[in-house]
Structure formats: structure tokens, C-alpha cells
Amino acid sequence: TSAATFTTRQIEEAKRVESNYAASINEALNIRYRANSRFDLYVSKTVDANREEFSTSTKLYSSTVSHFQSLNSAKNKFQSAMYSKLIEQDKNLAELYSSIDTKIK
């Protein structure tokens with residue numbers, strides 16, 4: 001009976017060790033799952049933040065381009081108006097010089 005009792009104790013100890021080992025593996029898997037979940041959350045938040053920053057940058061760029069296009073359009077209109085005025089002044093001066101020439105002759 002002594003050998004049988006020793007074997008039973010060994011079996012109980014082995015079951016206890018196996019149970020502790022299984023619990024340890026389970027805990028390790030839980031920790032790994034939580035770490036992965038936190039990492040996924042971190043990546044998700046980082047991606048969202050970068051997406052938002054990119055969106056803001058894109059809007060700012062678009063707004064800046066639009067502003068410069070407006071400025072360029074205004075500049076072109078101003079230059080066109082000034083060119084027309086210069087042509088008109090040249091024409092008036094030519095008429096003035098012509099009338100002076102006619103009076104001199």
C-alpha cells in the first residue's frame with residue numbers, strides 16, 4: 001500500500017503542477033491578448049490622428065491654392081486693365097502728336 005500511496009501522491013502532485021502550468025499558460029495568453037488589443041488600439045488611434053492631420057493639411061493646401069488662384073486672377077485682371085489704359089493713353093498721345101504736327105505744318 002505504501003507504493004500505491006506514493007504513486008497516488010505523485011499523480012495528485014503531477015495534476016496540480018499540470019493545472020498550475022495550464023493556468024500560467026492561460027494567464028500568459030490573456031496578457032498577450034490584452035497587449036495586442038492595446039497595441040491595436042494605439043495603432044488605430046495613431047492612424048486616425050494621422051488621417052485627421054492629413055485631412056487638415058489637405059484642406060489647408062487646397063485653401064491656399066484657391067487663395068493663390070484668386071490672387072493670380074485678380075493680378076491678371078489688373079494687368080489687363082492697365083494694359084488697356086496704356087494702349088488708350090498711347091492712342092491719345094498719338095492723336096495729340098498728330099494734331100500738333102498738323103498745326104505746325
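How many salt bridges does a search of the whole structure find? The search finds 3. A salt bridge is defined here as a side-chain nitrogen of Lys or Arg within 4 Å of a carboxyl oxygen of Asp or Glu. The model is predicted, so local features need pLDDT of at least 70 and side-chain atom pairs count only at pLDDT 80 or more, while totals for chains, interfaces and linings use all residues. Residues are numbered from 1 along each chain as its sequence is written, and side-chain values use heavy atoms, with hydrogens and water left out.

The overall fold comes first. The secondary structure of the chain amounts to 1 helix and 0 strands. Helices (H or I, at least four residues) and strands (E, at least two) are DSSP runs, numbered from the N terminus. Helix α1 covers residues 2-104. The C-alpha trace spans about 150 × 15 × 5 Å along its principal axes. The radius of gyration of the chain is 45 Å, whereas a compact globule of 105 residues would have one near 13 Å. That radius is taken over C-alpha atoms, and the globule rule is 2.2 Å times the number of residues to the power 0.38.

Buried residues make up 0% of the 105 residues in the chain. Buried means under 20% relative accessible area, exposed means over 50%, and partly exposed lies in between (1.4 Å probe, protein chains only). The chain exposes about 9,800 Å². Carbon and sulfur atoms supply 59% of that area. Accessible areas come from the Shrake-Rupley method with a 1.4 Å probe; for residues, only the protein chains shown count as cover.

Charges were then examined. The chain carries 15 positive and 12 negative charges, and their mean positions are 3 Å apart. Lys and Arg count as positive and Asp and Glu as negative; His and the chain ends are not counted. Each charge is placed at NZ of Lys, CZ of Arg, CG of Asp or CD of Glu.

Side chains of opposite charge can pair when their charged atoms come close. Arginine 16 pairs with glutamate 13, with the closest N and O atoms 2.6 Å apart. Both residues lie in helix α1, 3 residues apart, about one turn of the helix. Arginine 16 is partly exposed at 43% relative accessible area; glutamate 13 is partly exposed at 37%. Aspartate 48 and arginine 51 form another salt bridge (3.0 Å, N to O). Because these two are 3 residues apart in helix α1, about one helical turn separates them. Aspartate 48 is partly exposed at 39%, but arginine 51 is exposed at 51%. A further salt bridge joins glutamate 27 and arginine 34 (3.8 Å, N to O). Glutamate 27 is partly exposed at 39%, and arginine 34 at 38%.

A nonpolar surface patch of about 500 Å² is made by Leu93, Leu96, Tyr97, Ile100 and Ile104. Patches are made of residues with over 30% relative accessible area and no salt bridge: like charges are joined within 9 Å, and nonpolar side chains (Val, Leu, Ile, Met, Phe, Trp, Tyr) within 5 Å. Isoleucine 100 sits in helix α1. Its relative accessibility is 37%, so isoleucine 100 counts as partly exposed. Asparagine 76 also lies in helix α1. Asparagine 76 is partly exposed at 38% relative accessible area. Asparagine 76 and isoleucine 100 are 24 residues apart in sequence and 36 Å apart in space, C-alpha to C-alpha.
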